[in-house]
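Here are my notes after going through the model you sent.

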Amino acid sequence: MSTAETHVLAYPFPSSGHVIPLLDLTKALLSRGVQVTLLITPNNQPLLPTNFPPNLHTLILPEPLFPNPNQNRLVAIVTFMRQHHYPIILDWAQAQAQATPPSAILSDFFLGWTHLLARDLHVPRLVFSPSGAFALSVVYSLWRDLPRNDTPQGPNAVVSFPNLPNSPVFHWHQLTLQFTKPERGGPEWEFHRENILLNIDSHGVVFNSFNDLERVYLDHMKKELRHERVWAVGPVLPLSPLPEERGGSSTVSRHDIMGFLDSREDGSVVYVCFGSRTFLTSHQMEVLTRALELSGASFVLSVGVAKAKEHGKVPCGFVDRVGVRGRGFLIEGWAPQLEILGHRSVGAFLTHCGWNSVLEGLVSGVVMLTWPMGADQYTNAKLLVEELGVAVGAAEGEEKVPEAEELAKRIERALGRSTKERVRAEELRNAALRAVGEGGSSQKELDAMVKVLGEVKHEGDAT
Ligand code: AWU
């Protein structure tokens, strides 16, 4: 099948951190002449590129609703999508049969059930992992080995993963809540387990990562899955020119934020942002702003718009005190993160270690300060600090509060010019740019993946 006859259904989980990278990957597929139909919900339509290339199509699916606020949000959304999107996609695909039938489904790792949908459509399902290979290796190992925690240490119990490279060890509270929170063996726990096992059974997995960053984990994944259909095609993020908007429209004028950064010395600014979904408590925010003040560093502090009363707000007086001295720039809402990180004046990035932010920090060559909060973020922080030596540990947890003085010292260290982290940051930036450059490993792996999809027949022999 020629590339132009290859038709991929790209199906993201409808949350910014998952939609953004799959949209970026879709652009790379389109540039190779692949037909792509984006299965997207109305709330995420604004994220679509304005200039639609002729080989990009969309199928708008109902917005997941979950009336019961007490239900787990992820379970509710994925259940809604399985119940309400599945039949619509089946009918749509059957209507497409004579036109350009789908060649594959490329769907987020939260949507394991699409492996069953792909079987109904007689096409292969590829898992799209918006997280890295280390993180997914930990998750797959968890749901295969089902470690227990009957120890008195409770959340501080240590869980080791001897079958993973470097035999990492985590505390129980650092593992994904999807595994540790629901009652073991209960409906929610089984829901997550089924989802992961369906991912493991799928035809292949596509990582927004690159060989020089996670080679040992990518090789481990191939060994565990017993096939080679593991492709590292990232970082998929746009390099230049940077899009005006990405994932949302900035709540500050580009002119103002760039004006502030232009006025700063090279590498002198620490950028602070905790992704699209994470909020600090009031106490954490108090300590963070205190540390920024003590550090004496220039900073850009991006705090999402608080969605609930328990979300920490910047202490009153802070902006006046610090803003007056012109050291700080506060963004309440959506920050133009890629542009900020790419500015010559930004030297450090205090992040919750969401994988998109990790990759954006690496491509920008900044030294990261890690403050993981949950999900895959503890694994990402371990990779950055302990294995790659490209980041400084700053804090951890949604509740714990670091010492302001200690945090200030770590901010200063992260802004240091000739630290070992700075050297590693430059090395990994160059490695990331090589991977996505002409003839780079990520380009080659994406070409290989497209070739595999082009060779898959429709007789259903690939599921
Ligand atoms: P990011 O992955 O950094 O964080 P989350 O939004 O928390 O998304 C998974 O995505 C992670 O591995 C999970 O740990 C979970 C989730 N952004 C921006 O442009 N402006 C803002 O003000 C805030 C965010 C962008 C940012 C990045 C994305 C956030 C894959 O963390 O540049 O691309 O939004 O994704």
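1. Which residues are closest to the ligand? In this predicted model, the ligand is surrounded by 23 residues, and Ser276, Ala335, Ser357, Glu360 and Asp376 are the closest of them.

2. A polar side-chain atom of Ser357 sits 2.5 Å from an oxygen atom of the ligand. For Glu360, an N or O atom in the side chain is 2.6 Å from an oxygen atom of the ligand. As for burial, the ligand taken alone exposes 670 Å², and the protein buries 96% of that.

3. What is the shell made of? By residue class, the shell around the ligand has 13 polar residues, 7 nonpolar and 3 charged. By helix, α1 (16–31) and α12 (355–364) each put in at least two residues. The largest share comes from α12, with 4 residues.

4. Now for where the ligand lies in the overall layout. Domain 1 (3–236 + 436–462) and domain 2 (254–417) both contribute residues to the shell, so the ligand lies between them. If you set up a calculation on this site, those are the two domains whose residues you will meet in the shell.

5. Next, the sheet of 6 strands. This sheet is open and its pairing is parallel, with the order β12-β11-β10-β13-β14-β15. The edges are β12 (328–332) and β15 (391–393); each has a single partner strand, so one side of each is left without a neighbour in the sheet. From one strand to the next, the twist averages 15 degrees. At the β12 end, β11 (residues 298–303) pairs with β12 in the parallel sense over 5 bridges, and Leu301 stands opposite Leu330 in β12.

6. There is also a sheet of 7 strands, open and with parallel pairing, in the order β3-β2-β1-β4-β5-β8-β9. Here β3 (56–60) and β9 (230–232) are the edge strands, and each has a single partner, so one side of each is without a neighbour in the sheet. The twist in this sheet averages 20 degrees from one strand to the next. Strand β2 (residues 35–40) pairs with β3 in the parallel sense over 5 bridges. Which residue in β3 is the bridge partner of Leu38? That would be Thr58.

How values were computed:
Residues are numbered from 1 along each chain as its sequence is written. This is a predicted model: local features need pLDDT of at least 70, side-chain atom pairs count only at pLDDT 80 or more; totals for chains, interfaces and linings use all residues. Side-chain values use heavy atoms; hydrogens and water are left out. A residue is near a molecule or strand if one of its heavy atoms lies within 4 Å of it. A polar contact is a pair of N or O atoms within 3.5 Å; within protein, one must be able to donate a hydrogen and the other to accept it, and residues adjacent in sequence count only if both atoms are side-chain atoms. Accessible areas come from the Shrake-Rupley method with a 1.4 Å probe; for residues, only the protein chains shown count as cover. Ala, Val, Leu, Ile, Met, Phe, Trp, Tyr, Cys and Pro count as nonpolar, Asp, Glu, Lys and Arg as charged, and the others, Gly among them, as polar. Domain bounds come from an automatic or database domain assignment. Two strands pair if DSSP finds at least two bridges between them. Axes are lines fitted to C-alpha atoms, for helices over the stretch in contact, and angles run from 0 to 180 degrees between N-to-C directions.
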